[in-house]
Amino acid sequence: MFRRTTKIGLLLITALICGAATPVFADSADSVSGLAGSAALLEQYYSREAGQDTEEAEEAVTEETSVRETVTSETEAPTEEEAAELTGDTESEAAETESADSDEAEAEETEEAEEPESEEETSPADVWESLLAEARTAALNTYDNFGIASLDGGYLNVREEAGTEATVIGQMENGDACEILDSEDGWYYISSGSVEGYVSSDYILTGDAAEEAAVSSMVLKIQITTETLNVRTEPSEDASVLTQVGIDERYDFVENLGDWIEIEVSDDSTGYVSSDYVKLRYTLPKATVVEPEEESEEAEEASAEPSLREQIVSYAMQFLGNPYVWGGESLTNGCDCSGFTMLIYRHFGITLSHYSVSQASEGRAVDSGSMQPGDLVFYASGGTINHVAMYIGNGQVIGAQSTKSGIAIRSWNYRTPVKIVSVLG
């Protein structure tokens, strides 16, 4: 601004000098013209200076703005390195966030992977099979050196000595189990039930073969585990009580119904007991005792009438396999245990009651060593006689057993006999 004022002052002085050089007598118009020209020149110059000043001012503003922008740019805008660092930090934060999210997802997946699968519910059928397997194992574990008779038919003799000429003291059927106590020259010294003697080792399975064969020979029993247990007519607590059974008594298994188990209370009837108060027990058949005839006085007395005993047994065998019907009195269409023995003896003119308890007192009591074909064998439950069968020799009885088996043959001691009676005197 100072420079511009100085220039204007010089112009004014110049204009005055030029004006002074103009004659005084000149027309005032010329003087005006001269002044006007000087003024015009001055205005022109001023305008040019003003324009320059404007341009300078604009340049100054521009420069100032540029400087401001530069300062602003230097202050606010990050350098490429800073931008890179900032970008890197941002990306790092994003990566960390993404990584954290990923870690959380992986942790959740790991927890889900590590979380154990829920156990499948065990079905009642699986539980039952497990109990059966345990019972089979328990039955085999009662033997230290297990053996089992393997026969195509007939009987395996148990002898006093190791030799075919030795006295027969017992017999084993196919599937009868034994404990092998000793071995010598093709013979096993065994114990089976109440029999202890020698059998040919050719007919005894041992090891894994014996255990496999035992599965088909085992008989499932239901053992009572409480002092007194009601046996009901139907699988319900609302059903009437058929009878009562006591602790440790064992009964033949009929059917598993889950909360209830059907048992064979007697060969005349079945009933239902709560599965909460029983155990499963497998038993294996054993050898039967054979008493030498010369040691039995009763056998010698009975020898006078062998034909009658043979006839009675032969007649009874004709109805093998016919149905069991409680209270029935037909050897072909169905009868119960006491009905069967009553009808067999009726055929030979001998009268018996249609009731097992009464039949037990309608003859002469004999012991097992004196038992002969045709004699009646009685069994009990809870101390009360509830079944009868007929002895047919070779350690076997025939009788009307149950609705499941009908008239069938079994070992004479498949249940513990409580009395043996000879009806023939």
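Let's start with the core. In this predicted model, the largest nonpolar core has 28 residues. Six of them touch the most other members: Leu331, Phe340, Ile344, Tyr345, Leu376 and Met390.

Which elements give two or more residues to this core? Two helices, H7 at 306-317 and H8 at 337-346. Then three strands: S19 at 376-381, S20 at 384-393 and S21 at 396-402. H8 supplies the largest share, six residues.

Take Leu376. Set aside its neighbours within four places in sequence, and look at what is left.

How many bridges join S21 to S22? Six, and the two strands run antiparallel. S22 covers residues 406-411. Ser402 stands opposite Gly406 in S22.

Now, confidence. The chain averages a pLDDT of 78, and 68% of the residues score at least 70. Among the elements, strand S1, residues 146-149, has the highest mean, 97. Helix H2, residues 28-76, has the lowest, 46.

Two stretches need care. Over residues 15-39 the pLDDT is below 50, with three contacts beyond near neighbours in sequence. Over residues 59-77 it stays under 50, and the model has five contacts there beyond four places in sequence. Where pLDDT is low, predicted coordinates should not be read in detail.

Key
Residues numbered from 1 in each chain as written. Predicted model: local features only at pLDDT ≥ 70, side-chain atom pairs only at ≥ 80, totals over all residues. Heavy atoms only, no water. Core = buried A, V, L, I, M, F, W, Y, C linked by side-chain atoms within 4.5 Å. Buried < 20%, exposed > 50% of the residue type's maximum accessible area, 1.4 Å probe, protein only. Helix = DSSP H or I, 4+ residues; strand = E, 2+ residues; numbered from the N terminus. Contact = heavy atoms within 4.5 Å. Pairing = 2+ DSSP bridges. pLDDT = per-residue confidence, 0-100.
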